Amino acid sequence: MSSETAYSPPSVWHWNKDSGGRFANINRPIAGATHEKDLPVGRHPLQLYSLATPNGVKVTVMLEELLALGHRGAEYDAWLIEIGKGDQFGSGFVAANPNSKIPALMDHSGTKPQRVFESGAILLYLAEKFGAFLPTDPAKRTEALSWLFWQMGSAPYLGGGFGHFYAYAPIKIEYAIDRFAMETKRQLDVLDKQLADNEFMAGDEYSIADIAIWPWYGGMAKGLLYDGGEFLQVQDYKHVNRWADAIGARPAVKRGRMVNRMQGDPKSQLRERHDASDFDTRTQDKLEGGTPAS
Ligand SMILES: N[C@@H](CCC(=O)N[C@@H](CS)C(=O)NCC(=O)O)C(=O)O
């Protein structure tokens, strides 16, 4: 009998802290804070606490798109939350998001601070606040929201399912990889069929549906996630690739991808953003070179 079929669950599950895998050190079966730590607050009304994972990038792309449209109220401070170090379990972060996951947004523009958590809820909040990237026509708006919620329900199969078992799990389990590879390919085909007849996810308007779906499925289609491009033959999804290239070429998307980024070329990493000029003066290559602007 192989090791993947030998496990027989006991009657009661117990937390095995040494279960292995990429995230074993941060995964816990208990919610809430592990330590006291306030969140920093900068000078802009919008305070983002995040990291440039696909879920984090959705929000920084949205904020950069709003700023590109001229919404000055969308100026923001982006603070780094290092999830590998457990920052998401600090008391201040848990107050902003009781689910202890990035991204979390605090809006200080009203009479009392408003917290917003879950990337889809943050995109919808910002779209409604600024009246942008969500069609006003009721049918188009409904279509955009359907695709936004499709993303929220679907991406865990790609990330927590395929990505986890293909790239991060301590053992390769054929059953799990097969199941989630099949589902991820099915989802890519859903998108490919929609994008065969539509320029953007919800029709002819770029919207929060594109902003939500692109970091996960655009990233997957371009072979950027989990080194799984060849395995899933992602080049076959021609319409997804066309759409992913078009969105990836947008200047606001290029900027949004850099914010709270801790990996890759130091020129592409703006670990914290507090001003639009930071893209020119505070990328990691410049900070490491010892010549940051004051
Ligand atoms: N549904 C959530 C998912 C957020 C999420 O899974 N965030 C991950 C990074 S991509 C995280 O913070 N993980 C830390 C942890 O699980 O402790 C959203 O879209 O905001």
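**Reading the fold**

Analyst: Of the 294 residues in the protein, 37% are buried. A residue is called buried if 20 or more other C-beta atoms lie within 10 Å of its own, exposed if 12 or fewer do, and partly exposed in between, with C-beta atoms placed from the backbone. This is a predicted model, in which local features need pLDDT of at least 70 and side-chain atom pairs count only at pLDDT 80 or more, while totals for chains, interfaces and linings use all residues. Numbering starts from 1 along each chain, following the sequence as written.

User: How many helices and strands are there in the protein?

Analyst: The protein has 12 helices and four strands. These are DSSP runs numbered from the N terminus: helices are H or I runs of at least four residues, and strands are E runs of at least two.

User: What is the radius of gyration of the protein, and what would a compact globule have?

Analyst: The radius is taken over C-alpha atoms, and the globule rule is 2.2 Å times the number of residues to the power 0.38. For 294 residues the rule gives a value near 19 Å, and the protein has 20 Å, so the two agree. Along the principal axes, the C-alpha trace spans about 60 × 50 × 40 Å.

User: Which contacts in the protein join residues 24 or more positions apart, and what share are they?

Analyst: Two residues are in contact if their C-beta atoms, placed from the backbone, lie within 7 Å. Among contacts with a separation of 6 or more, 66% link residues 24 or more positions apart.

User: Which strands pair in the antiparallel sense, and which run parallel?

Analyst: Two strands pair if DSSP finds at least two bridges between them. Strands β1 and β2 run parallel, joined by five bridges; Tyr 49 has Trp 79 of β2 as its bridge partner. β1 also pairs with β3, in the antiparallel sense, over four bridges, and there Leu 48 is partnered by Leu 105 of β3. Leu 105 also stands opposite Val 116 in β4. β3 and β4 (residues 114–117) are antiparallel over four bridges and form a hairpin with six residues between them.

User: Why is strand β2 largely enclosed by the rest of the structure?

Analyst: β2 covers residues 76–80, and four of its five residues are buried, so the rest of the structure largely encloses it.

User: Which residues of the largest nonpolar core touch the most other members?

Analyst: In soluble globular proteins, nonpolar side chains tend to be buried together. A nonpolar core is a set of buried Ala, Val, Leu, Ile, Met, Phe, Trp, Tyr and Cys residues joined through C-beta atoms within 7 Å. The largest one here holds 69 residues, of which Met 62, Leu 123, Ile 208, Ala 209, Tyr 217 and Val 240 touch the most other members. Helix α7 (residues 208–221) supplies the largest share of this core, 10 residues. Leaving aside residues up to four places away in sequence, Met 62 touches Leu 123, Leu 126, Phe 133, Ile 208 and Ile 211.

User: Which residues surround the ligand?

Analyst: A residue is counted if its C-beta atom, placed from the backbone, lies within 6 Å of the molecule. The shell consists of Ile 26, Thr 53, Asn 55, Ile 83, Gln 88, Ser 100, Lys 101, Ile 102, Pro 103, Glu 118 and Ser 119. It divides into four nonpolar, five polar and two charged residues. In that division, Ala, Val, Leu, Ile, Met, Phe, Trp, Tyr, Cys and Pro are nonpolar, Asp, Glu, Lys and Arg are charged, and the others, Gly among them, are polar.

User: Is the peptide bond from Ile 102 to Pro 103 cis or trans?

Analyst: That bond is cis, with omega near 0 degrees. Pro 98 counts as partly exposed because 14 C-beta neighbours lie inside 10 Å.

User: Is Thr 283 buried or exposed?

Analyst: Thr 283 has 21 C-beta neighbours inside 10 Å and therefore counts as buried. Its place is in the loop between α11 (278–281) and α12 (284–288). Beyond residues up to four places away in sequence, Thr 283 touches Pro 266, Lys 267, Gln 269 and Leu 270.

User: What is phi for Asp 227 and for Gln 233?

Analyst: Phi of Asp 227 is near 55 degrees, a positive value in a residue other than glycine. Gln 233, also not a glycine, has a positive phi of about 50 degrees. Asp 227 lies in the loop between α7 and α8 (229–232), whereas Gln 233 lies in the loop between α8 and α9 (238–248). Asp 227 is exposed, with 10 other C-beta atoms within 10 Å, and Gln 233 counts as exposed with 10 C-beta neighbours inside 10 Å.
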